[in-house]
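Hi,

Here is the model I promised to send over.

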Amino acid sequence: MSGRKIGDVILDLQNISLRFGGVKALTNISFDVREHEVRAIIGPNGAGKSSMLNVINGVYHPQEGRINFHGEERRRMESHMAARQGIARTFQNIALFKGMTVLDNIMTGRLTKMKANFLEQAIRFGRAGREELAHRRKVEEVIDFLEIQHIRKTPVGRLPYGLQKRVELARALAAEPTMLLLDEPMAGMNVEEKQDMCRFILDVNDQFGTTIVLIEHDMGVVMDISDRVVVLDYGKKIGDGTPDVVRNNPEVIAAYLGVAH
Amino acid sequence: MPAMASSRATDTFPRLLFYHAQVRGEKTAMREKDLGIWQAWTWREVAEHVRALACGLAEMGFQRGDNLAIIGDNRPRLYMMMAAVQCLGGVPVPLYQDAVAHEMLFVLQDAGIRFALVEDQEQVDKLLEIKDQLPALAHLVYDDPRGMRHYNQPFLHDIAELMAMGRIHNQNHPGLLDAEVARGGADDIGVMLYTSGTTGKPKGVCLTHNAFISAARGGVEFDRLTADEDILSYLPMAWVGDHLFSFAQAMVTGFTINCPESGETVMNDLREIGPTYYFAPPRVFENLLTQVMIRMEDASALKQAIFHFFMRVARRSGADILDGKSVPLTQRLLYLLGNVFVYGPLKNVLGLSRVRVAYTAGAAIGPDLFRFYRSIGINLKQLYGQTETCAYVCLQPDGQIKFDSVGKPAPGVEVKIADNGEILVKGPMLLKGYYKRPDATAESINADGYFMTGDAGFFDDDGHLKIIDRAKDVGKLAGGAMYAPNYIENKLKFFQYVKEAVVFGANREMVCAFINIDLGAVGNWAERRGIAYSGYADLAARQEVYQLIQECVEQVNTELVAEGMLADSQIHRFLILHKELDPDDGELTRTRKVRRGFVAEKYAVLIDALYAGRTTQYIVIQVKFEDGRSGKVAADLQIRDAKHFPLLGQTV
């Protein structure tokens, strides 16, 4: 990786605690994310990784703790605010509109950039028509970038899982995010698909300077492409640092492999 | 449109280009689907871009007589670069874009390449891999800048940079380019195409402007092509056929070439463009038909009934109607109805609605397949030619289409059969020679100026040429009977279930065969019968599939025995390979012709088992995976006997 300089902290999470009734999903988690870096969140199943991501982009609201994004401090993030401030995400179980084509799905990612209102768009009045052209061009650039031209008119429900994940990524990219949250982008993929997905993620980070926060189980991928890693276990942070530091952390090893009895 | 006189004004490709820029400057010359829409360039714009490219090359020190390598998918700027190189009196040398770095190494070294234009990062990476073995390579230009941000080698240039440089150079040296274009002669080498070489090293075939222009004009006049044609340019630029259709014929008539968005979108782009003039190798036509048939099997009972009824009508009279022969009125009316319900919509789905002339070549096409397309009104014809003849030797005339021959000698071409059965060809479209191989050139052109094609054939009673096989492959069985492997393999490949076949029998007592099944067709067949399979190797080992293939082999045997002199070539034993033969493993050439010698060596243990009468054989072979890694694949293959038939009046 070259030509990319990791900048200052843009996201700072302090003492985040999240509870669902009696279940403590996250307990006193603090870490930061620097601009232009690839930050991985790893941990065994049920560690609270997806919950962490949901807190970052405002889907869940923590009971305690503070989120500092781009210098602005807040008790909680609202999800539409997160989107407008340049945070885009993908979901573990794919949240695309299965009946719509790939093209239309990616278009929905442009929502935050659309100025014409609902009525204007419905009848393609005035600026809505011109905007549509500009948005379509941007969407086509994303399609070109992720090499999915051959399926642009295919309804998403008909695509194989690996391609659906790519379309989800495309939709997130269409929003031109400054920070991209990826929830297990490689789940269920074979070696070739994983290589392709890695390549795209690295290209996004390199070409557009997008900060990437990703949850991933494949240790090979994590160690290869991340700049820094946070390790969660049972809702607590047990490791934080570069891949090498984390790899040798005995607590992390114990969490994954178990303790000697 | 009147035939263009061969005047000095239009006897080289650069001069043709500037002629079109003048005479039809606003007409679309090239299209490319990019960012979801068809972007177009007019002849005037193409001429301007070519000028900019040529001047850019001149600025970088390109000399008259230099060779420039072109590597990539079909892209307008790559075609433009071919013309730009020709403007300066240089020679474009296109390479197969799916070749790996060390395959390209030989050609790049042999042609002394100093300049290269490649499509994208993938091709750049391949050349960088072998750069230290290419001391002559001084300038590497790329068309698509994607992924190139961190490459900072001084000899790498973005094509936009080259063109900007060229425009400045043109301003500073007005008239220079026109002077260079005027210096070019019709007898100069216009392009160099390397033969894929089933044996031995590839050779650079040098073809002059005059050769390709004659071949192009001949075909254009034969089929009455005009400047209003639209063709889809999707076949490799290194292949002689693409150079004939997408470059030579486009330059000669001024028709439009259309480049698809990517390899995967070709079929979709075909539908969008609706070409009027179309070429595809037989396997593409076969794939199209297989897909149609598979989808028909999923249709409702009513639709299937309608389809089969009208296909019977088409089989009866479709080809005759296309040939202009007399057909009873009721048949014609039924056919008209069929056009509305079946043939029209079918052609539309395939993207072939506007096709006036379609050609196929490169391998034999199954008679049923051929008949199918002609019967629904697609004027599919065969042509015959080689790299050394600008792909222009025989063409099938309209109205005289025979399924088992390749037509009559094309206008301006003389064809004769040597005493040993080899096809000899003479005409203006012949190669000037093989690059730096006077020995090979002398071997291939005889004292009377005839090129020796290396194919064996004969003329039938109507003066149509029939190809038997590659002359050197035609051999004898141990008993002295004639043995033509290609001929037998083609018969096997006519079945949709057989993708590839290799037969053995030279100097042996009997003929045996390797078969590759077609995954699509056989997979579909298996699914309909509820046969589960976990992949290609698993499917290829199934008893039911072996039975299916056995029936195909036995059918071929009945055809062979009916042909008298080939009765002894019936296939006695066969096996189904667990992996497809692949160019990446060196078993096929890049144009998918079998490398007989290589395959015989690699699979020697199987050949021995076939002739030793074994019923199974274990084999381990080296393969190359798509990401470049090598591995071994092992399997236990079943070997079966096939029924063979005695000639009438003889016992086996």
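Let's begin with chain B: of its contacts with a separation of 6 or more, 64% are between residues 24 or more positions apart. (Two residues are in contact if their C-beta atoms, placed from the backbone, lie within 7 Å.)

Before the rest, some housekeeping. This is a predicted model, in which local features need pLDDT of at least 70, side-chain atom pairs count only at pLDDT 80 or more, and totals for chains, interfaces and linings use all residues. Residues are numbered from 1 along each chain as its sequence is written, while chains are lettered from A and ligands numbered from 1 in the order in which they are written.

Back to chain B, which has 21 helices and 28 strands. (Those are DSSP runs numbered from the N terminus: H or I over at least four residues for helices, E over at least two for strands.) Its radius of gyration is 26 Å, close to the 26 Å that the globule rule gives for 652 residues, so chain B is as compact as a globular protein of that length. The radius is taken over C-alpha atoms, and the rule is 2.2 Å times the number of residues to the power 0.38. Along the principal axes, the C-alpha atoms of chain B fill a box of roughly 85 × 65 × 55 Å.

One sheet in chain B is worth a look. It is open, with 3 antiparallel strands in the order E8-E9-E19; strands pair if DSSP finds at least two bridges between them. At the edges sit E8 (189–194) and E19 (433–434) of chain B, each pairing on one side only. Strand E9 (204–208) of chain B joins E19(B) through 2 bridges, and Cys206(B) stands opposite Gly433(B). Helix H8 (209–222) of chain B packs on this sheet, touching E8 and E9, and its direction makes about 75° with that of E9(B). (Axes are lines fitted to C-alpha atoms, for helices over the stretch in contact, and angles run from 0 to 180 degrees between N-to-C directions.)

Now chain A. It divides into domain 1 (1–86 + 177–261) and domain 2 (98–175), with bounds from an automatic or database domain assignment. Their C-alpha centres lie 27 Å apart. Where they touch, domain 1 of chain A brings 10 residues and domain 2 of chain A brings 9. On the domain 1 side, helices H2 (79–84) and H7 (191–208) of chain A each supply at least two residues, and H7(A) gives the most, with 3.

Cheers
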